[in-house]
Each structure stands twice: as C-alpha cells, then as structure tokens.
Amino acid sequence: MAGESGKLQVFWYPHSQPSRAVVIFCRMNKIEYEEVHISIPTGAHKTPEYLNINPMGQVPAINDNGFSLFESAAILKYLSASRGTPDHWYPKDLKLRARVDCFLDWHISNTRRGASGLVYNQVVAALVGDSLNPKAAAEGKALLVKSLGILDDFWCKEGPFLCGAEEVSIADLVISCELTQLKMLDDSEESELLAPWKNVTKWFQAVKAATNPVFDEVHGKFYASNNQLKEAKLKATTEQS
Ligand SMILES: N[C@@H](CCC(=O)N[C@@H](CS)C(=O)NCC(=O)O)C(=O)O
C-alpha cells in the first residue's frame, strides 16, 4: 500500500465514525496527507496488504512514512503532537490533557459501546451479511441512553465544548462523529434519542459551528448513502402495502 513517497496516508471508510473524526482533524488542520478508501463491505480491511498496516483489520489507520498506527484516539494524539496542531485540539497543559484523555476512555465503554451496539445490531449487520440481533440492539440502546444522560449532566454541562473547554478538541470530534452514526436509524428514533438532551444539543451545534464546512463535507458520502438506503426501505414498504 505504497503512497506518494513520504506522504502521510490515512486509511478510512466514510461510514466509520472514528475514520471521519481522523479525516476531519486532518482537513481542519490542513495536514498534508493522502486519503485511502478502505471499503468494509468488500472486505478491503481484511486483505493481507491492509493487515500489514492494521493487523486488527479495522479502519481508521495511518501510515506515516513507514510508521503505521491504528486506533483513532492514538492517531489523533500522534498527529496533534507530530504536526504541531493548535493547542486546543489536544492541550499540552497536563490537567487539561488528562481531561481529554479521561473523556476518550469513558467514551469507549459508554457512548461508543452503546451507539455502535445499537446501530450495528439493528441496521449495519444486515448490510454486511451478518444477522440482526434485536436483544443486543436493545442493550446498546439502553447503554446509549444512559450515556447521553451522563453527557448532558456532566461532560456537556459547562460548555461550550467538552470538559468545559472554550475551544474544540479531539474529544469533541470523536464523540460528535459517533453521534452522527445515529442517522443510520429511522429519523424518528434518532430524534427520540437526541432531542431530550438540551446540553448535548447545544454542544453538538457548537462543534458543528467550529468545524464546518469540513464536518459536513466529510459526512457527505455517509449522509448521501444513508438517505438512499432510507428511500429504498420506504419504497419497499410502500410496495408491500
Ligand atoms: N477503537 C477503534 C474502533 C475501530 C472500528 O471499530 N472500526 C470499524 C469501523 S467503525 C471497523 O473497521 N469495522 C470492521 C471490522 O471490525 O471488521 C478506533 O477508534 O479506531
């Protein structure tokens, strides 16, 4: 998977929430890089060539002139430090940095586990040839709702950004891209999940305002193919009735 010599390669798939966070970060910071599209439905993430880059067979991953790295949070921290991006993304102050780390660790076992458990078992599984699992989807949903409550009451309470920060950080990117994944659900279920949380709503608007137009550009393909899926589903339901 050789890219242009010396240029950072970012391996991503637009439907992958941590992939989008990494790409938004690179574009926002005008990092010189090359995007390599890794299609999950066609199994591009399991080829021997790609497993050389990420032995876990997942996206995102990077190859920085021969140094490969996976796990979105590790990638974002590495790029912040190696590219000297503005401090707000991943503060040098130890306590502010520890807060971002604390959030990212919390996110993995709460919002990430809840949202991806719900979306995968209720929608994505069918698209990748796996079986839908209503029980696992319900468990994911319960954890997601609990996590949204904690986000609202704790992480987003001070605002405008996570952990009371005045400017956007990698923590905001990671979770905002996780929450946009809920667009894969029916519109009514997405809004039923997100609408009750006033602080989360305000914070989400602040993240989009701080990162647009890049945020929407990076989500463009994902939103478009989601809309197509929903239209096809509606058509099939109408034809059946
Ligand atoms: N903790 C990892 C999660 C990576 C991950 O779950 N990637 C998914 C897409 S969102 C993937 O590649 N799935 C394909 C597979 O596991 O086979 C990160 O933040 O980078």
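How do the axes of helix H1 and helix H9 cross? The axes of H1 (residues 17-28) and H9 (residues 214-240) come within 9 Å and cross at roughly 140°. Here axes are lines fitted to C-alpha atoms, for helices over the stretch in contact, and angles run from 0 to 180 degrees between N-to-C directions. H1 and H9 are therefore oblique to each other; angles under 35 degrees count as roughly parallel, over 145 as roughly antiparallel, 65 to 115 as roughly perpendicular and the rest as oblique. On the H1 side the contact is made by Arg 20, Val 23, Ile 24, Arg 27 and Met 28, and on the H9 side by Val 214, Phe 215, Val 218 and His 219. Two residues are in contact if their C-beta atoms, placed from the backbone, lie within 7 Å.

Before going on, a word on the model. It is a predicted one: local features need pLDDT of at least 70, side-chain atom pairs count only at pLDDT 80 or more, and totals for chains, interfaces and linings use all residues. Residues are numbered from 1 along each chain as its sequence is written. Helices (H or I, at least four residues) and strands (E, at least two) are DSSP runs, numbered from the N terminus.

H1 has another partner, helix H6 (residues 170-180): their axes come within 8 Å and cross at roughly 140°. That makes H1 oblique to H6. Gln 17, Pro 18, Arg 20, Ala 21, Ile 24 and Phe 25 of H1 meet Ile 170, Leu 173, Val 174, Cys 177 and Glu 178 of H6.

Now turn to the sheet. Four strands form an open sheet with mixed pairing, in the order E2-E1-E3-E4; two strands pair if DSSP finds at least two bridges between them. At the edges are E2 (33-37) and E4 (67-70), each pairing on one side only. Averaged over the sheet, neighbouring strands are turned by 20° against each other, direction ignored. E1 (residues 8-12) and E3 (residues 61-64) run antiparallel and are joined by three bridges, and Phe 11 stands opposite Ala 61 in E3. H1 lies across E1 and E2, running at about 145° to E1.

Finally, look at the ligand. Around it are Ser 16, Gln 17, Pro 18, Ile 40, His 45, Gly 57, Gln 58, Val 59, Pro 60, Glu 71 and Ser 72, where a residue counts as near a molecule if its C-beta atom, placed from the backbone, lies within 6 Å of it.
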